[in-house]
Amino acid sequence: MAYYVGVDLGATNIRAVVADDEGTVVASRSDGTPRGPTGIAVTEAVLRVVRETCSEAGIRPDEAVAAGVASIGPLDLAEGAVENPANLPDTIDRIPLTGPISVLLDTDRVFLHNDTNAGVIGERFHSERNPDDMVYVTISSGVGAGVCVDGNVLSGWDGNAGEVGHMTLDPQGLLTCGCGHDGHWEAYCSGNNIPRYAEFLHSEDDVETSLPIEDPDFSAADVFDHAEDDEFARYVVDQVGHWNAMGIANIVHAYAPLTIYVGGAVALNNPDLVLDPIRERMDDMVMVNVPQIELTTLGDEVVVQGAVASAMTGGTGDRSRL
């Protein structure tokens with residue numbers, strides 16, 4: 001029996017799984033992502049979670065054949081590390097990953113991906129048709145995409161292809177993204193930034209609302225929870241839907257996917273309020289074939305499942321490589 005490790009390093013949580021040679025997960029563990037003081041603390045947390053997961057699976061770390069690692073970006077593939085992640089504190093400037101994990105597992109078969117690339121690998125691996133042209137989009141604490149074109153998962157020379165959340169949608173640049181640049185898709189539609197966008201819209205037009213805008217804990221969940229009975233909350237959701245549709249339309253024109261799967265906490269927790277506004281606007285925004293736009297089939301497991309599929313298939317998600 002061969003065993004494979006999958007790791008999902010997110011801005012909030014670290015998750016690891018061990019799967020057998022059928023791709024069945026036999027053990028999983030998770031823990032919070034350290035907020036500092038340095039990237040080494042994050043690396044150490046990743047290694048600890050991997051060790052604990054292997055122990056739960058009843059194997060030594062060096063019994064794993066290969067590992068797939070899905071991570072927040074930006075990545076430095078040559079060094080196998082995360083560089084200056086936008087959604088972690090500024091003190092965390094570098095998180096080594098592939099080198100330390102290779103040492104722990106005693107294998108050089110460690111495949112590092114942007115988390116959204118892992119998402120499209122997972123969707124491709126588990127799809128009945130193993131499609132050659134598809135996209136996975138995450139709308140969560142950040143916004144990003146994993147893209148497969150003609151059977152090739154696009155990673156880019158440095159691992160940062162698919163950072164679509166940082167495409168400029170608003171030429172006026174009214175809001176600043178966590179990366180420091182203005183007008184990015186993520187600045188308006190990510191889970192972290194929807195509350196800021198709501199506050200901005202309310203400052204532009206001080207209407208009555210039941211949204212707890214002044215509350216320090218005001219969140220994206222509040223906006224979606226009030227959308228049914230609060231006119232201003234509905235307006236915010238509609239505006240977010242418009243920006244999301246623009247971003248998806250740009251992806252369609254750039255990559256011509258047959259299917260776009262959407263995941264991430266914002267979409268998974270509010271599927272109709274996130275996906276329906278996108279679908280409704282596609283015919284007006286897209287000049288080519290409109291793809292199917294679906295909620296991810298793998299829920300919040302999509303990224304870590306993609307990491308395992310990457311380990312099993314040499315980084316591709318193509319089942320013919322098993």
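**Salt bridges and the domain contact in a predicted model**

Q: Which residue forms a salt bridge with Asp-62?
A: This is a predicted model, in which local features need pLDDT of at least 70, side-chain atom pairs count only at pLDDT 80 or more, and totals for chains, interfaces and linings use all residues. Residues are numbered from 1 along each chain as its sequence is written, and side-chain values use heavy atoms, with hydrogens and water left out. A salt bridge requires a side-chain nitrogen of Lys or Arg within 4 Å of a carboxyl oxygen of Asp or Glu. With the closest N and O atoms 2.9 Å apart, the partner of Asp-62 is Arg-60.

Q: How many residues apart are Asp-238 and Arg-281?
A: These two side chains form a salt bridge, with 3.0 Å between the closest N and O atoms. Helices (H or I, at least four residues) are DSSP runs numbered from the N terminus, as are strands (E, at least two). Asp-238 lies in helix H7 (residues 231-255) and Arg-281 in helix H9 (residues 271-285), and the separation is 43 residues.

Q: How much area do domain 1 and domain 2 bury between them?
A: An automatic or database assignment sets the domain bounds, giving domain 1 (1-120 + 299-319) and domain 2 (127-295). Buried area is the accessible area (1.4 Å probe) that two parts lose on being put together, summed over both. Carbon and sulfur atoms carry 51% of the buried area, which is about 1600 Å².

Q: Which element gives the most to the side of domain 1 that touches domain 2?
A: Strand E5 (75-76) and helix H3 (115-126) each supply at least two residues of that side. With 4 residues, the element that gives the most is H3.

Q: How many salt bridges does the rule find across the interface of domain 1 and domain 2?
A: Asp, Glu, Lys and Arg count as charged, and the side of domain 1 that touches domain 2 has 4 charged residues. Across the interface, the number of salt bridges found is 0.
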